Amino acid sequence: MASALLATETGKQASGVGLKVALKILHHWGASPEQVQSILRISKASYYNYLKSPEAASLNPDQLERVSYLLNIHAALRTLFDNPENVYGFMAMPNDNPYFNGKSPLELIGTGQFSALYETFRRIDSLRGAAW
């Protein structure tokens, strides 16, 4: 019983840490509150509560996976670029590559569609030579 409680607390703490970092990254990318809510699939009330205390977050598996993709996109951008302007600005820049069709990666993931988050990660990750 105690180990189950510890595992739950450890998972909740990891959720809070991941969410805190993801919210910070999304802020640096210039995401609007509405985009953040769509990307993470959280309500408006939860969004504002999580901004105040992300450690109190209780994320479901889908939300945790979304946080994971955001952290991985950020890691790929940090590998690709040396300067903060590109690390944080790339996601808001219009992109003429076939998948993006003139839209910014942030605009696509801001729809909240999981497939957009996955494809955006996959395409950015491939720029750094990741093999699929």
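1. A residue counts as buried when its relative accessible area is under 20%. Phe100, at 5% relative accessibility, is therefore buried. The model discussed here is a predicted one.

2. Phe100 pairs with Tyr99 in an edge-to-face arrangement, with 5.2 Å from centre to centre and 80° between the planes. Tyr99 is partly exposed, at 23% relative accessibility.

3. Helix H4 (residues 61-80) packs with helix H7 (residues 114-127) at an angle of about 25°, the axes being 9 Å apart. The two helices are therefore roughly parallel to each other. The crossing in which H4 passes H7 is left-handed.

4. On the H4 side, the contact is made by Asp62, Glu65, Arg66, Tyr69, Leu70, Asn72, Ile73, Ala76, Leu77 and Leu80. On the H7 side, the contact residues are Phe114, Leu117, Tyr118, Thr120, Phe121, Ile124, Asp125 and Leu127. By class, the residues of this contact comprise 12 nonpolar, two polar and four charged.

5. The count of aromatic pairs comes to six. For Tyr69 and Phe114, the ring centres lie 5.5 Å apart and the planes stand at 85°, so this pair is edge-to-face. The pair joins distant parts of the chain, with Tyr69 in helix H4 and Phe114 in helix H7, 45 residues apart.

6. Tyr69 has a relative accessible area of 15% and is buried, whereas Phe114, with a relative accessible area of 25%, is partly exposed. Together with Tyr118 and Phe121, Tyr69 and Phe114 form one aromatic cluster.

Key. Residues are numbered from 1 along each chain as its sequence is written. This is a predicted model: local features need pLDDT of at least 70, side-chain atom pairs count only at pLDDT 80 or more; totals for chains, interfaces and linings use all residues. Side-chain values use heavy atoms; hydrogens and water are left out. Axes are lines fitted to C-alpha atoms, for helices over the stretch in contact, and angles run from 0 to 180 degrees between N-to-C directions. Helices (H or I, at least four residues) and strands (E, at least two) are DSSP runs, numbered from the N terminus. Angles under 35 degrees count as roughly parallel, over 145 as roughly antiparallel, 65 to 115 as roughly perpendicular and the rest as oblique. A crossing is left-handed if the near helix is turned anticlockwise from the far one by less than a right angle, and right-handed if clockwise. Contact means heavy atoms within 4.5 Å. Ala, Val, Leu, Ile, Met, Phe, Trp, Tyr, Cys and Pro count as nonpolar, Asp, Glu, Lys and Arg as charged, and the others, Gly among them, as polar. Rings of Phe, Tyr and Trp (its six-membered ring) pair if their centres lie within 6.5 Å; planes under 30 degrees apart count as stacked, over 60 as edge-to-face and the rest as tilted. Buried means under 20% relative accessible area, exposed over 50%, partly exposed in between (1.4 Å probe, protein chains only).
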